[in-house]
Amino acid sequence: MSPKQKPTGLVQGTLDMLILKTLALQPMHGYGIGIRIEQISQGVFCVNGGSLFPALRRLERDGLIKGYWEATDNNRRAKWYELTNQGRSTLKRETKDWEMQTAAIARILQATSGEL
Amino acid sequence: MMSLVRRFVHGVSSLIRRNREEQELNDEVREYLEMAAERKMAAGSSPEEARRAARIELGSVAAIKDEVRNVGWESKLETLAQDVRFAVRTLWKFPGFTAVAVITLALGIGSTTAIFTVVNAVLWTPLAYPNAARLVRIVENVPAEESITGRAMRLPSMNPAEVTWWRQNARSLENIAVMMPDARTFMTRDGTVLLNGQRVSAALFPMRSVKPVLGRGLYSDEERPDAQVVVLGASTWQRYFESDPNVVNRTVVLDGQTYTIVGVMPPEFGEQAYWLPYVIEPPRTGAVQLVQVTCLLKQGISLASASAEVNALGRQLRGSIDAEPANPPRFEVTGEQDQMVAMVRPALRTLVVAVCVVLLIVCANIANLVLVRGAGRHREIGIRRALGASRGRVIRQLLTEGFVLSLAGGVLGTAMAYAGVSVLKAISVIDVPARYRNALGPLGTTILPRADEVAVDPHALAFAFGISVLTGVLFGVAPALRLSRADHRETIAGADLTTRTGPARGRNHVGQVLATAQIGLATTLLIASGLLLHSFLNLSTLFLGFDPNTQIFQLVNPREYSRSRKLEIAYSLSRQLKGLPGVESAGFINMPPLSPNGIRQNLYLPSEWESQRETLGDEYRASILSMSPGYLQATGVRLLEGRWLDERDTSGSARAMLVNRAWTERFSPQKSPIGTTVTFVTTGRIRRPLAWDVVGVVENVRARVDGGSQSGQTSTDLPLLVYTDLRQYLTVASGDRGIDGVGMELDMMMGEPGGLSFAIRARDPLTLSSLREVARQADAQIAIEGVTTMGEVFSGLIGRQRFYALVVGVFAAIAGFIASIGIYGVLAYAMTQRTSEFGIRLALGARPREVLGLVLGQGLVLVLCGILAGVAGAIALTRYLSTMLFGLTPLDPLTYAVVGVLFATVALAASYIPARRATKVDPAVALRSE
């Protein structure tokens with residue numbers, strides 16, 4: 001088995017959060033989620049199907065998102081995902097946690113020798 | 001919690017909707033690819049290029065789907081099911097390997113489980129009484145110089161007179177209870193039977209705290225001679241009282257006396273037929289009685305402090321014991337269970353060690369076999385890894401295969417253990433009539449104490465399962481690690497590891513050493529079992545002197561009958577037996593063959609030897625036996641010369657005597673002793689110089705079966721015997737006083753306490769009911785006991801030797817079989833590694849026979865090294881067996897030679913299979929595979 005395909009430079013566990021955030025803006029199908037993350041991150045994060053599908057499955061299993069089949073813009077049937085209430089609250093909590101952590105990390109990284 | 005439930009529900013539902021989910025996933029991935037391709041086309045690629053690029057970007061679809069499937073817990077279950085299915089399919093494809101592996105495993109797991117079951121029940125399970133942990137015994141360690149046998153003894157019994165002393169003084173013990181075997185006649189509708197019960201202290205009932213089926217136990221104020229009360233065992237109650245719920249307060253007649261039934265106890269209390277109160281009586285002169293004592297450790301008192309107190313008290317009691325602290329202490333308190341199993345503990349420990357070694361060998365062997373087969377699987381595994389299976393995944397698959405094997409082995413092994421345990425139980429109790437039990441030594445009829453409690457129970461099943469899993473891990477891990485390491489690029493390219501000679505060849509040193517060690521261990525075990533088997537053969541083909549088909553029984557009289565009445569009954573019974581159709585001869589004797597105890601040995605000398613009596617040693621002593629006319633004929637003892645004793649030889653006529661061959665060889669080797677006058681003397685003084693005329697000489701008969709002696713033909717085994725007519729002897733012995741007077745000697749000549757022993761020779765064996773019928777006609781109150789044949793008795797007496805020969809033999813056979821598999825495994829592995837070498841040899845003109853010799857030679861070296869090591873081990877270890885051997889020494893050359901040659905043949909046959917395969921290598925194929 002080839003090594004696990006991870007989004008470039010993506011901190012482990014953050015992919016779920018990014019997916020939730022993307023879906024919080026609007027329901028989306030799998031491919032669209034990948035493209036949207038790539039667009040918003042301005043190409044920094046490139047999400048491959050190899051990690052996207054397991055992540056979607058995991059979120060769906062945990063009841064954070066819900067999948068349904070519907071036609072796309074160009075008249076294909078695709079599986080769309082939307083956020084559940086639980087997913088919404090999870091996203092809110094994780095966003096808060098994330099902000100706290102990044103702020104803390106940033107402070108540490110910017111610390112001068114005087115502060116230490 | 002919620003999410004756990006949700007996950008569970010999801011898991012179950014996705015297991016059920018597996019197909020639909022699979023379909024959805026397919027659709028989703030396809031759509032994804034389409035969208036990606038469309039986007040690339042929009043960016044200007046051609047449709048083909050776009051699709052291809054999208055695919056490459058996505059990577060292996062199969063791997064993604066696998067990853068998605070792995071998200072839920074249910075996927076693990078599914079993988080397992082898949083692996084198991086795959087493992088079963090793979091194993092099914094190699095039925096030879098699978099059968100050998102499963103059988104080997106079953107033998108290992110089965111024997112381990114069987115021994116665990118026994119050890120668990122005998123040593124580890126507490127006794128089935130609520131106070132089991134506090135149940136103790138007082139034992140006395142008698143030093144060698146005071147012991148009647150000349151060896152140090154550990155006596156778990158005491159003199160009844162001492163019980164009161166312990167009761168009054170021991171503060172760390174309570175409920176001191178006495179138990180004593182007791183047997184009484186009981187009249188049933190089908191005739192009189194002898195019931196085996198116990199006389200016990202009332203304290204036994206609260207001590208064991210077992211709830212009565214009916215009524216109550218005995219009370220302590222009933223420990224007096226006039227309290228005619230009895231507690232029945234449940235089996236007696238069911239059999240003779242049809243489980244009558246109103247049996248309490250009814251009466252029962254035992255030995256002619258009436259007792260009131262006060263209760264019925266279940267089998268958990270004891271297996272005895274009844275319990276009577278034990279009454280401490282003043283000791284009778286000449287009768288040494290020892291009673292079993294069991295008591296309860298007081299709450300909170302340790303075994304050690306109780307022992308200390310008991311030792312101090314015991315010294316006071318004995319008075320004369322020196323003040324020196326003895327080691328071991330003279331008196332000790334020991335756990336009831338310890339006391340019960342102490343004799344077999346070392347034997348069981350040895351078995352545990354042996355069985356663990358067997359199991360380890362099994363694991364090593366299967367590992368080797370798996371490796372042998374794995375050599376051919378490198379390519380398969382390489383391909384699987386190239387297709388994206390992770391190493392962990394491959395290891396899991398290989399381990400699953402191991403578990404499937406070991407569980408199959410476990411199931412078969414448990415069945416074997418079940419069968420083994422029932423065989424073990426069946427042969428672990430010696431079934432001989434009470435009369436012959438004296439010959440059995442300190443353990444009596446028990447080969448394995450608590451054998452009735454041994455059963456394949458949930459513990460044993462759990463153990464078997466656990467041991468199977470453990471075995472699976474033990475033999476599965478090494479091959480799994482080795483195989484999964486295979487570099488798939490190399491394997492697929494064809495540079496198979498196994499075809500590289502040189503370094504690969506030296507690789508299985510461990511396997512070779514292991515195989516040699518196995519053969520060594522198996523050889524040692526096989527020699528031990530060969531010795532035991534040889535010894536058992538010696539025993540079972542012993543010269544007996546009597547016809548094993550002789551039907552025998554004991555005549556038991558109610559205890560209050562007078563001697564003359566007993567005599568009258570015996571003679572009338574004998575007459576009636578002779579009158580039955582088909583009966584050729586019948587009679588009775590006071591001491592039958594094979595019942596050594598109680599035989600009095602004295603000097604019965606030809607009159608002319610009388611002057612030498614002072615100088616004659618024990619080997620000149622003879623035993624006197626008394627019988628009725630017809631007894632010896634019924635037993636099948638041959639008359640060598642002269643005549644039998646018959647109806648002529650009664651109280652009034654001249655004193656006539658038969659002597660046996662041993663007596664004749666001792667006193668009259670040159671000329672016939674017929675007509676010689678024999679005088680009875682004791683060394684020192686002539687007590688009763690009575691002359692007897694020798695009228696006939698009969699063949700020797702075996703008096704005892706003694707597994708301990710190495711010669712097998714000592715004087716006590718084929719003793720000097722003289723036979724007299726019972727009536728004639730009693731007249732002589734009692735003189736004018738009449739035979740109903742006091743006299744231990746007379747009792748002994750009447751066969752008491754066991755009763756007279758009858759023998760019958762008939763065309764067809766008499767049935768028990770016809771015997772009972774005859775007995776009832778002679779006297780309604782007598783009982784017929786121990787109806788069997790002399791052959792059965794003999795077979796029972798050598799039961800202990802049979803047990804050991806069988807158990808050790810089975811283990812040795814298992815070890816031998818497994819070791820043969822081991823040598824096969826090692827050689828077959830070497831074979832697979834050297835396939836191309838053999839191919840080259842054959843291509844260069846080596847003849848098949850030479851290649852065969854090459855492999856066989858390698859096997860021969862292993863086998864010979866192993867057997868030599870095993871023989872050395874046997875020489876070192878089998879001396880511990882010497883006490884169990886009969887008629888041979890632990891270094892019996894014949895046994896060593898036979899075992900060595902037989903096992904070498906088997907082991908070489910095992911190495912022949914891979915050797916033969918080596919000659920079948922097709923050079924073209926072997927070389928092309930390079």
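**Close-up views of chains A and B**

**View 1. Salt bridge between the chains.** A:Lys79 and B:Glu24 form a salt bridge, with their closest N and O atoms 3.6 Å apart; the term requires a side-chain nitrogen of Lys or Arg within 4 Å of a carboxyl oxygen of Asp or Glu. The model is predicted, so local features need pLDDT of at least 70 and side-chain atom pairs count only at pLDDT 80 or more, while totals for chains, interfaces and linings use all residues. Side-chain values use heavy atoms, without hydrogens and water, residues are numbered from 1 along each chain as its sequence is written, and chains are lettered from A and ligands numbered from 1 in the order in which they are written. B:Glu24 belongs to helix 2 (residues 18–42) of chain B and A:Lys79 to strand 3 (residues 77–83) of chain A, so the pair joins two chains. Helices (H or I, at least four residues) and strands (E, at least two) are DSSP runs, numbered from the N terminus. Between chain B and chain A the count is one salt bridge; over all chains, the whole structure has 24.

**View 2. Interface of chain B with chain A.** Contact (heavy atoms within 4.5 Å) links 29 residues of chain B with 31 residues of chain A. The two chains bury about 2700 Å² between them, 55% of it on carbon and sulfur atoms. Buried area is the accessible area (1.4 Å probe) that two parts lose on being put together, summed over both. B:Glu28, B:Tyr32 and B:Met35 supply 23% of the area that chain B buries against chain A, more than any other three residues.

**View 3. Helix 2 of chain A against helix 2 of chain B.** The axes of helix 2 (residues 30–40) of chain A and helix 2 of chain B come within 8 Å and cross at roughly 45°. Axes are lines fitted to C-alpha atoms, for helices over the stretch in contact, and angles run from 0 to 180 degrees between N-to-C directions. This angle makes helix 2 of chain A oblique to helix 2 of chain B; angles under 35 degrees count as roughly parallel, over 145 as roughly antiparallel, 65 to 115 as roughly perpendicular and the rest as oblique. A:Gly30, A:Tyr31, A:Ile35 and A:Gln39 meet B:Tyr32, B:Met35, B:Ala36 and B:Arg39 in this contact. By class, five residues are nonpolar, two polar and one charged. Ala, Val, Leu, Ile, Met, Phe, Trp, Tyr, Cys and Pro count as nonpolar, Asp, Glu, Lys and Arg as charged, and the others, Gly among them, as polar.

**View 4. Helix 1 and helix 3 of chain A.** Helix 1 (residues 14–25) of chain A packs against helix 3 (residues 49–61) of chain A at an angle of about 75°, with their axes 10 Å apart. The two helices are therefore roughly perpendicular to each other. Helix 1 contributes A:Leu15, A:Asp16, A:Ile19 and A:Leu20 to the contact, and helix 3 contributes A:Ser51, A:Leu52, A:Ala55, A:Leu56, A:Arg58 and A:Leu59. These residues divide into seven nonpolar, one polar and two charged.
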